[in-house]
Amino acid sequence: MTYSDISLWHETAGDSWEPRPALMGDLEVDVAIVGAGYTGLWTAYYLAEARPDLKIAVLEAEVAGFGASGRNGGWCSALFPASAAAAVPDGLTLEAAAAAPLNALTARQALDLLGTERGSLLVTGAAGGVGLWALGLAKADGWTVDALVRPGTEHLATGADHTVTEIEPHAHDAVLDLAALNEPALAGVRDGGRYISVKPGRAPAPERGIEVSTALNQPDGAVLADLLRLAADGTVPTRIAATRPLSKAAEAYQEAEAAPGSDGRWLLVP
């Protein structure tokens with residue numbers, strides 16, 4: 001058996017699985033990660049993205065993913081907390097219910113970080129799935145909402161007061177930066193305003209008295225139940241790019257990677 005035979009991931013990754021040279025002596029780095037499994041590789045990836053100046057070493061006895069996290073398989077647990085679950089309301093298909101939670105909870109929890117004051121809000125990445133929820137929820141919360149989109153996708157930003165393709169400096173009381181534009185999006189916030197990121201470790205440094213926060217998606221069954229009812233009654237539309245059979249997961253992943261995020265969620269069905 002070769003390393004490429006270990007799992008579907010190894011077979012389809014497109015990389016050489018020739019083991020790297022062994023560590024024969026001392027190596028001085030900023031961060032040493034022992035284990036090139038799921039957690040180790042993602043830790044190294046996000047560290048390198050957030051801090052390109054760091055020297056990072058990942059140590060593994062064989063090759064990346066040789067352990068349990070790189071193998072074919074799955075697991076089942078009876079410990080799924082009931083507090084994270086929500087019933088699918090009447091009028092909402094199972095596909096639409098599956099497409100909603102991550103987008104809806106991210107938008108809801110990000111907007112909650114803005115507090116109770118209202119005013120003008122700019123949502124970047126507004127044509128995407130999270131953006132669609134953010135526009136609908138922000139309007140219901142009482143914000144005046146501008147949607148920032150790429151030229152040609154203006155029709156996808158439904159529910160906004162205005163749709164724009166450029167950021168006006170210092171023009172908004174708050175910015176919800178779903179597109180992770182960082183400093184350019186921060187420039188759109190007035191002095192003393194608020195900026196919300198959804199990318200941990202990537203938010204820009206505060207300036208001009210702006211409050212900078214990062215939304216971390218958390219399970220919340222009660223809130224999710226309310227959001228699913230909004231999807232069921234059409235208050236916030238749920239956008240699904242395509243459904244594919246579970247047996248075609250690898251092909252569906254490649255399709256989704258090549259498609260724009262504004263197309264909606266890609267779903268695998270039995």
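1. Basis. The model is predicted, so local features need pLDDT of at least 70 and side-chain atom pairs count only at pLDDT 80 or more, while totals for chains, interfaces and linings use all residues. Residues are numbered from 1 along each chain as its sequence is written, and side-chain values use heavy atoms, with hydrogens and water left out.

2. The sheet. An open sheet of 6 strands has the order β5-β4-β3-β6-β7-β8, and the pairing is parallel. Strands (E, at least two residues) and helices (H or I, at least four residues) are DSSP runs numbered from the N terminus. Two strands pair if DSSP finds at least two bridges between them. The edge strands are β5 (162-164) and β8 (211-214), each of which pairs on one side only. Neighbouring strands of the sheet are turned by 20 degrees against each other on average, direction ignored. Axes here are lines fitted to C-alpha atoms, for helices over the stretch in contact, and angles run from 0 to 180 degrees between N-to-C directions.

3. Strand β4 (residues 144-148) runs parallel to β5, and 3 bridges join the two. In this pair, D146 of β4 stands opposite H162 in β5.

4. A helix on the sheet. Helix α5 (residues 129-141) lies across β3 (120-124), β4 and β6 (172-177). The angle between α5 and β4 is about 165 degrees.

5. Helix α4 (residues 101-112) and helix α7 (residues 221-232) have axes that come within 10 Å and cross at roughly 110 degrees.

6. P101, A104, L105 and R108 in α4 meet V223, L224 and L227 in α7; contact means heavy atoms within 4.5 Å. By class, 6 residues of this contact are nonpolar, none is polar and 1 is charged. Ala, Val, Leu, Ile, Met, Phe, Trp, Tyr, Cys and Pro count as nonpolar, Asp, Glu, Lys and Arg as charged, and the others, Gly among them, as polar.

7. D141 forms a salt bridge with R108, with the closest N and O atoms 2.6 Å apart. A salt bridge is a side-chain nitrogen of Lys or Arg within 4 Å of a carboxyl oxygen of Asp or Glu. The pair links distant parts of the chain, with D141 in helix α5 and R108 in helix α4, 33 residues apart. D141 is partly exposed at 23% relative accessibility, whereas R108 is buried at 14%. Buried means under 20% relative accessible area, exposed over 50% and partly exposed in between (1.4 Å probe, protein chains only).

8. The network around R108. Salt bridges that share partners join R108, D112 and D141 into one network. D112 lies in helix α4 and is partly exposed, with a relative accessible area of 47%. From C-alpha to C-alpha, D112 and L227 are 14 Å apart in space, and they are 115 residues apart in sequence.

9. Other salt bridges. The structure holds 10 salt bridges. One of them joins E49 and R202, with the closest N and O atoms 3.6 Å apart. E49 lies in helix α2 (residues 38-50) and R202 in the loop between β7 (189-197) and β8, so this pair ties together parts that are 153 residues apart in sequence. Both ends are partly exposed: E49 has a relative accessible area of 33% and R202 one of 28%. D53 forms a salt bridge with R51, with the closest N and O atoms 2.8 Å apart. Here D53 is exposed at 52% relative accessibility, and R51 is partly exposed at 41%.

10. Two loop residues to look at. Most residues other than glycine have a negative phi. A180, although not a glycine, has a positive phi of about 55 degrees. A180 is found in the loop between β6 and α6 (183-186) and counts as buried, at 15% relative accessibility. R208 also has a positive phi, near 55 degrees. R208 sits in the loop between β7 and β8 and counts as partly exposed, at 26% relative accessibility.
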